[in-house]
Amino acid sequence: MFRRSNAGGFLLSLLLTMALNLEWLLPAVLLVVFHFTFGWSLWWAALAAGLWLLWVVVAVWLLGLACRVGNAPQPQTENKNPYSKKTDDVFR
């Protein structure tokens, strides 16, 4: 029997979210431009890009966690409707 693997779900969501949030990478790009123009440290650009990546990873992880928690199976309850209850004595 074939079992489906969800290993690519987080990575695919992460890549899609990174592509949709590229405008948040703009401060890092500006800091790289300032590095070449004014001689600022490149560590500020790396810090800005790292914070952006951390933000995206945490957001995707929280959304995945919320999806898994929301999909918990409901416990089976007793059917109290006498008209829909299928028992052996009805079908004899």
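**Close-ups of an aromatic cluster**

Phe34, Phe38 and Trp40 come together as one aromatic cluster. Keep in mind that the model shown here is predicted.

**View 1. The whole protein is a run of helices.** From the N terminus on, the elements go α-α-α. That makes three helices and zero strands. Among contacts with a separation of 6 or more, 56% link residues 24 or more positions apart.

**View 2. Here is the surface of the protein.** Its accessible surface comes to about 8,600 Å², and carbon and sulfur atoms hold 69% of that. Of the 92 residues, 8% count as buried.

**View 3. The rings of Phe34 and Phe38 make a tilted pair.** A pair of aromatic rings is described by the distance of the centres and the angle of the planes. The count of aromatic pairs comes to three. In the one formed by Phe34 and Phe38, the rings lie 5.6 Å centre to centre, with 45 degrees between the planes.

**View 4. How exposed are Phe34 and Phe38?** Phe34 has a relative accessibility of 28%, so it counts as partly exposed. Phe38 has a relative accessible area of 56%, so this residue is exposed. The cut-off that matters for Phe38 is 50%, since exposed means over that value.

Methods: Residues are numbered from 1 along each chain as its sequence is written. This is a predicted model: local features need pLDDT of at least 70, side-chain atom pairs count only at pLDDT 80 or more; totals for chains, interfaces and linings use all residues. Side-chain values use heavy atoms; hydrogens and water are left out. Helices (H or I, at least four residues) and strands (E, at least two) are DSSP runs, numbered from the N terminus. Buried means under 20% relative accessible area, exposed over 50%, partly exposed in between (1.4 Å probe, protein chains only). Contact means heavy atoms within 4.5 Å. Accessible areas come from the Shrake-Rupley method with a 1.4 Å probe; for residues, only the protein chains shown count as cover. Rings of Phe, Tyr and Trp (its six-membered ring) pair if their centres lie within 6.5 Å; planes under 30 degrees apart count as stacked, over 60 as edge-to-face and the rest as tilted.
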